[in-house]
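Trainee: I would like a close look at one residue and its surroundings. Please keep the terms defined as you go.

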Amino acid sequence: MDVTLHHDDINFRSLTQIIALLHAAKEAAPFRNPVDYIALGLTNYPIVVRKMMDLSTLSNNLQCDRYERARDCLEDLQLIWDNCKLFNEQGSHIYNNCCKLEAYSGRLIESAFEEPFSPKTLYEPSSSAQDWFVVPSDG
């Protein structure tokens, strides 16, 4: 996944499709656009969440060639889930929906790419394949 992305290659198309499928998921509503933390009264959000990310920003970055490699895009996708879990209380509705979408994205990535991706592999390159995806139970 470290190859350069081009609009006409399969990695670019796979990423575009993954983002579109996630965007269409019923649980994705809070993740489709940037968090309007001011309107929501979440004044500490930018203090807790240092690099904000959402599906529309992710898609726009991909379409505007802001990602050099597929891995860069997938890191930002993971950032969406990490930010949510960092800011929201475990067991809350949004946290639970985040976990469902993270698991769904893992399955989509696994089926689209030969090389599994996980943020864990960025820090632990010797991770074994079975550790690359930790998928929470759907039910």
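In which helix is the place of Asn61?

Mentor: First, the ground rules. The model is predicted, so local features need pLDDT of at least 70 and side-chain atom pairs count only at pLDDT 80 or more, while totals for chains, interfaces and linings use all residues. Residues are numbered from 1 along each chain as its sequence is written, and side-chain values use heavy atoms, with hydrogens and water left out.

Asn61 sits in helix 3, residues 55-63. A helix here is a DSSP run of H or I with at least four residues, numbered from the N terminus. With a relative accessible area of 12%, Asn61 is buried. Buried means under 20%, exposed means over 50%, and partly exposed is in between, using a 1.4 Å probe and protein chains only.

Leaving out residues up to four places away in sequence, Asn61 touches Met53, Arg66, Tyr67 and Asp76. Contact means heavy atoms within 4.5 Å. Leu58 can be described in the same way: beyond its neighbours within four places in sequence, Leu58 contacts Ile19, Met53, Tyr67, Cys73, Asp76, Leu77 and Ile80.

The largest one has 27 residues, and Leu58 and Leu77 have the most contacts inside it. Two or more residues of this core come from each of helix 1 (10-24), helix 3, helix 4 and helix 5 (93-112). Helix 4 gives the most, with eight residues.

Rings of Phe, Tyr and Trp (its six-membered ring) pair if their centres lie within 6.5 Å; planes under 30 degrees apart are stacked, over 60 edge-to-face, and the rest tilted. The structure holds three aromatic pairs. Tyr37 and Tyr45 are stacked, because their ring centres are 6.1 Å apart and their planes meet at 20°. Tyr37 is partly exposed, at 24% relative accessible area, whereas Tyr45 is buried, at 6%. Tyr45 also pairs edge-to-face with Phe87, at 4.8 Å centre to centre and 70° between the planes. Tyr45 lies in helix 2 (residues 45-48) and Phe87 in helix 4, so this pair ties together parts that are 42 residues apart in sequence.

How values were computed: A nonpolar core is a set of buried Ala, Val, Leu, Ile, Met, Phe, Trp, Tyr and Cys residues joined through side-chain atoms within 4.5 Å.
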